[in-house]
Amino acid sequence: MAIEVRIPTILRTHTGGNKTVSGSGDTLGALVDDIDGQHPGIKGRLVTDEGKLHRFVNVYVNDEDVRFTGSLDTAVKDGDSVTILPAVAGG
Amino acid sequence: MLRIDRGTYDAIVAHARRDHPDEACGVVAGPEDSDRPERFVPMLNAARSPTFYEFDSGDLLRLYREMDDRDEVPVVVYHSHTATEAYPSRTDVSYASEPFAHYVLVSTREHGAQTGLVDDEVEFRSFRIVDGQVTEEDVELVASESQP
């Protein structure tokens, strides 16, 4: 099972510079855990201590923002593509 | 050092003035590894706020896809401050997510929505923000290649 995950520049320190990594899982949360197993530390940049996606990290499964599809409970499957983009924001 | 052409500089300032009193935001994309800001891309501030900006998440995805297709990166990420100085706020620093970008701040606190750029200085400053550290840099205006 392979799901391609596109990694933004700022998180590539965790992936040895790789722009994409591959993982598996039935949900986005499981996928994040799997990726974190291969690239320790990346989950902490995406998920809060309360187990929710960080407010200012955008995650898309097949181009849909997961805020609208159940966040970390979003179902994922082989062949899906996941993109992570930190919010561009400030004050 | 940020090298930017006059046309792009004017476009950023005009955008900041047009959106005042809300913060304006956008990027200037350029070829990866070139450090040349070439393609001005104003973005909608989904927060529509005088004190906060955020790219809409759908717009953000489209922007990054487009830059990917064109082998570009965001060389400049700009936004305006409408009542404070053109210096990164703590919020700006905590959310800065592009370690190689030049973060441009424009302040419209003095000039607001005035149009006309002749003899009309605005605060336009550029910074690198890496690992929570802010370093100001010089801004050098260069002649556009398309202009004499």
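This is a predicted model: local features need pLDDT of at least 70, side-chain atom pairs count only at pLDDT 80 or more; totals for chains, interfaces and linings use all residues.
In soluble globular proteins, nonpolar side chains tend to be buried together.

For Y103(B), leaving aside residues up to four places away in sequence, the residues touched are V77(B), P88(B), A96(B), S126(B), F127(B) and I129(B).

## Interface between the chains

Contacts between the chains involve 20 residues of chain B and 16 residues of chain A. On the side of chain B that touches chain A, the elements giving two or more residues are strand 4 (53-54), helix 2 (57-69), strand 5 and helix 3 (90-95). Helix 2 of chain B gives the most to that side, with five residues. By residue class, this side of chain B divides into ten nonpolar, seven polar and three charged residues.

Within strand 4 of chain B, Y53(B) is the bridge partner of G90(A).

## Fold and dimensions of chain A

Chain A contains two helices and six strands, arranged from the N terminus as β-β-α-α-β-β-β-β. Of the contacts in chain A with a separation of 6 or more, 45% are between residues 24 or more positions apart.

The C-alpha trace of chain A spans about 40 × 30 × 25 Å along its principal axes. Its radius of gyration is 12 Å, which agrees with the value near 12 Å for a compact globule with 91 residues. Buried residues make up 34% of the 91 residues of chain A.

Note on methods:
Residues are numbered from 1 along each chain as its sequence is written. Chains are lettered from A and ligands numbered from 1 in the order in which they are written. Two residues are in contact if their C-beta atoms, placed from the backbone, lie within 7 Å. Helices (H or I, at least four residues) and strands (E, at least two) are DSSP runs, numbered from the N terminus. Ala, Val, Leu, Ile, Met, Phe, Trp, Tyr, Cys and Pro count as nonpolar, Asp, Glu, Lys and Arg as charged, and the others, Gly among them, as polar. Two strands pair if DSSP finds at least two bridges between them. The radius of gyration is taken over C-alpha atoms; the globule rule is 2.2 Å times the number of residues to the power 0.38. A residue is buried if 20 or more other C-beta atoms lie within 10 Å of its own, exposed if 12 or fewer, and partly exposed in between; C-beta atoms are placed from the backbone.
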